[in-house]
Amino acid sequence: MTVVRIGKAKDNEFVVDDPYVSRYHAKLTHNDHGELYIEDVGSANGTFVNGDRVIRKKISSTDVVMLGEHYELTVRDALKYDNDYSEEFAALKQVYDNYIREKIRIQSSNQFKTRLFQSLPFAVIGIVGLLVGLVGKSNQTLVIVSLVLAVCAPTAGIYMGARQSAKIPELLQNIANRFKIDYVCPKCGAFLGEIPWESLANKKQCPIGTCRAKWVKK
């Protein structure tokens, strides 16, 4: 069970610098069953949940908790009073691994398709040429078809290959945009770049001066 004391006094786990918040204002409890309770501990201006003054009340993530009438308590921040975001940071490893895996898949798949489109017409020409050899030059229609293919097929192959290659930047950009949203510091939301997760873990905390979220428990 986690108990977080809240108020202006420096010995609280979660310190609130607000003139309407008492030195020892409230207590937030997160029990072993995952339930959250807010409890007023004799504050001057009261504790409110969704506009109702309470002494002790079970709350959820959607409830609005006010200390006094001016300070809105962010429950998630209060529970993270020790700035420990190691669990959330650990989940980013999967985000990074999935991004790299998808990036490689797109590049490899499109490279294969591009080469296939570029080489397939030449294979067709070879097959037609083989048929001409077997049937003989007496079949004028087949000879004309083979000549047309010899001219048009390579051009078509180059065109189709170029179109396939043109798709790669857009596909890569799409996953990069998603990555920029997901691969961020779990506290301040700063994008972590394409730095490998293991390298970030070695830093142990967010480098942003106003954040300094702990990424790895020491």
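**Ground rules.** I am working with a predicted model, where local features need pLDDT of at least 70, side-chain atom pairs count only at pLDDT 80 or more, and totals for chains, interfaces and linings use all residues. Residues are numbered from 1 along each chain as its sequence is written, and side-chain values use heavy atoms, with hydrogens and water left out.

**Whole chain.** I looked up the secondary structure and found four helices and nine strands (DSSP runs numbered from the N terminus, H or I of at least four residues for helices, E of at least two for strands). Along the sequence I read β-β-β-β-β-β-β-β-β-α-α-α-α. Next came burial: 33% of the 218 residues are buried (under 20% relative accessible area with a 1.4 Å probe, protein chains only). The accessible surface is about 13600 Å², and carbon and sulfur atoms hold 57% of that (Shrake-Rupley method, 1.4 Å probe).

**Strand β4.** How many residues of strand β4 are buried? I found four of the five in residues 36-40, so the rest of the structure largely encloses this strand.

**Its partners.** I checked pairing next (at least two DSSP bridges between two strands). Strand β3, residues 26-30, runs antiparallel to β4 over five bridges, and His 30 sits opposite Leu 36 of β4. Five residues lie between the strands of this β3 and β4 hairpin, and there I noted Gly 34 with a positive phi near 85 degrees. Strand β7, residues 56-59, also pairs with β4 in the antiparallel sense, over four bridges. Here Ile 38 stands opposite Lys 57 of β7.

Notes. Buried < 20%, exposed > 50% of the residue type's maximum accessible area, 1.4 Å probe, protein only.
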